[in-house]
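Subject: Handover of a protein structure

Dear colleague,

Please find the structure below, together with its sequence. I would be grateful if you would look through it before reading the notes.

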Amino acid sequence: MSDQPAALRHWHAVVTSKNPDLLGDLLADDVVFRSPAVFAAQEGKALTASYLSAALKVLGPSLRYVSQWHDDASAVLEFEADLDCVYVQGVDILRWNAEGQLVSFTVMVRPLRGLQKLVELMALQLGAGQA
């Protein structure tokens with residue numbers, strides 16, 4: 001793992017620890033989050049942290065990265081998860097700046113049934129965070 005860029009190592013530490021507090025140093029102030037469930041990009045550190053924190057709770061228990069590709073400023077991480085007995089497969093596309101902070105985080109998910117389950121559980125989690 002030592003050959004991985006710092007931003008990628010940092011993201012893996014967040015996922016492994018399931019600690020959303022570690023996102024603070026990882027996210028750039030102007031980071032953009034793109035969800036498979038929301039048409040408009042979500043802009044800014046607070047909003048992105050909210051989505052990623054919810055995803056750690058929803059996907060975290062069964063999330064496993066099965067493959068990854070990276071260069072000096074970006075990575076594609078292929079993942080699988082089980083959400084209430086519904087299989088989910090997808091990719092996280094990360095891009096970071098020269099300071100090692102994420103500036104873009106895009107999620108793509110399949111199959112449709114898995115996306116629908118993810119949307120349902122994320123809505124519940126994000127709603128719980130609002131209360």
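The notes below describe what was found.

This is a predicted model, in which local features need pLDDT of at least 70 and side-chain atom pairs count only at pLDDT 80 or more, while totals for chains, interfaces and linings use all residues. Residues are numbered from 1 along each chain as its sequence is written, and side-chain values use heavy atoms, with hydrogens and water left out.

Overall form

The protein chain contains 4 helices and 6 strands; these are DSSP runs numbered from the N terminus, helices being H or I with at least four residues and strands E with at least two. Read from the N terminus, the order is α-α-β-β-α-β-β-β-β-α. The C-alpha trace spans about 35 × 30 × 25 Å along its principal axes. The radius of gyration of the protein chain is 14 Å, which agrees with the value near 14 Å that a compact globule of 131 residues would have. That radius is taken over C-alpha atoms, and the globule rule is 2.2 Å times the number of residues to the power 0.38.

The protein chain exposes about 7100 Å², of which carbon and sulfur atoms supply 54%; accessible areas come from the Shrake-Rupley method with a 1.4 Å probe, and for residues only the protein chains shown count as cover. Of the 131 residues, 44% count as buried. Here buried means under 20% relative accessible area, exposed over 50%, and partly exposed in between (1.4 Å probe, protein chains only). Among contacts (heavy atoms within 4.5 Å) between residues at least 6 apart in sequence, 44% join residues at least 24 apart.

The nonpolar core

In soluble globular proteins, nonpolar side chains tend to be buried together. The largest nonpolar core in this model has 34 residues, and those with the most contacts inside it are Trp11, Leu102, Phe105 and Met122. Such a core is a set of buried Ala, Val, Leu, Ile, Met, Phe, Trp, Tyr and Cys residues joined through side-chain atoms within 4.5 Å. Among the elements that each supply at least two residues of this core are helix H1 (6-17), strand E6 (102-110) and helix H4 (112-130). Helix H3 gives the most, with 7 residues.

Leaving aside neighbours within four places in sequence, Leu102 is in contact with Leu26, Leu27, Ala28, Val31, Leu94, Arg95 and Trp96. Leu8 belongs to helix H1 and is buried, with a relative accessible area of 0%. With neighbours within four places again left aside, the contacts of Leu8 are Gln68, His70, Ala75, Leu77 and Trp96.

Local features

Most residues other than glycine have a negative phi, and most peptide bonds are trans. Lys18, in the loop between H1 and H2, has a positive phi, near 55 degrees, and is partly exposed at 41% relative accessibility. Asp84, in the loop between E4 and E5, has a positive phi as well, near 50 degrees; Asp84 is exposed, with a relative accessible area of 54%. A cis peptide bond, with omega about -15 degrees, joins Arg110 and Pro111, and Pro111 is placed in the loop between E6 and H4.

Finally, Glu120 in helix H4 is partly exposed at 39% relative accessibility. Glu120 and Ala37 are 83 residues apart in sequence, and their C-alpha atoms are 9.8 Å apart in space.

With kind regards
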